Amino acid sequence: RKLADTGRPSSIVVVGEIKRGKSLLVSALIGRDGAALDDVEHSTAVATRFVAATDDFSEGTAELVFPDGRRRIDRTELGEWITTGGRYVNDPTVEALPVAAIVPIASEQLTTATVVDTPGIGGLDPRHAAMAARSADRAAVLVLVCDASTPLTEPEMRFLRESAAGVENVLVVVTKTDKNLTRWQ
């Protein structure tokens with residue numbers, strides 16, 4: 001039903017614990033290496049929606065969504081606003097941080113759907129799970145990313161039970177199988 005909804009683009013929402021490979025998977029789904037910011041040290045701090053680039057909203061830009069409005073920025077500044085190690089995220093003089101980001105990408109994969117990279121659901125910040133839940137509520141496809149080296153956690157299972165109830169299509173993706181060849185299955 002949500003996939004067939006012609007009133008808005010369908011959403012593929014990627015969720016999971018922190019450091020599971022969600023952003024790398026999002027880049028692969030989009031068909032563009034590095035489209036989603038993936039960093040060994042820092043995690044995504046806000047839901048980031050990847051949409052098809054247009055003449056009015058071109059690749060190389062991004063839009064930050066704040067509680068009181070939106071602001072366009074150069075794409076190169078995005079990490080400073082939306083990762084846990086970002087300069088603005090850690091600056092106590094910054095009065096408001098974005099609650100979401102929208103990134104246009106020229107990709108054939110984004111012509112019929114948007115892809116959403118969410119913050120980790122079981123990390124130290126409970127707001128991240130709330131952001132992921134809001135994104136999942138509007139998903140046509142929910143993708144739960146798990147790490148092969150660890151069992152599913154209780155926060156992952158709880159999130160999956162609560163969020164998947166309203167989503168018709170749920171996929172579970174197991175990452176890092178190359179690091180755990182004998183046990184991942």
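Contact here means heavy atoms within 4.5 Å. This is a predicted model, in which local features need pLDDT of at least 70 and side-chain atom pairs count only at pLDDT 80 or more, while totals for chains, interfaces and linings use all residues. Residues are numbered from 1 along each chain as its sequence is written, and side-chain values use heavy atoms, with hydrogens and water left out.

Q: Which residues does Leu 78 touch, not counting residues up to four places away in sequence?
A: Leu 78 is one of the residues that touch the most other members of the largest nonpolar core, which has 25 residues. Such a core is a set of buried Ala, Val, Leu, Ile, Met, Phe, Trp, Tyr and Cys residues joined through side-chain atoms within 4.5 Å, where buried means under 20% relative accessible area (1.4 Å probe, protein chains only). With residues up to four places away in sequence left out, the residues touched by Leu 78 are Leu 37, Ala 62, Leu 64, Ile 73, Ala 101 and Val 103.

Q: How many aromatic pairs does a search of the whole structure find?
A: Rings of Phe, Tyr and Trp (its six-membered ring) pair if their centres lie within 6.5 Å. By that criterion, a search of the whole structure finds 2.

Q: What is the angle between the planes of Phe 66 and Trp 81?
A: Phe 66 is buried, with a relative accessible area of 8%, and Trp 81 is buried as well, at 6%. Planes over 60 degrees apart count as edge-to-face, and this pair is edge-to-face, at 5.8 Å centre to centre and with an angle of 90°.

Q: Why is the pair of Trp 81 and Tyr 88 stacked?
A: Planes under 30 degrees apart count as stacked. The ring centres of Trp 81 and Tyr 88 are 4.2 Å apart, and the pair is stacked because their planes lie at 20°.

Methods
Buried means under 20% relative accessible area, exposed over 50%, partly exposed in between (1.4 Å probe, protein chains only).
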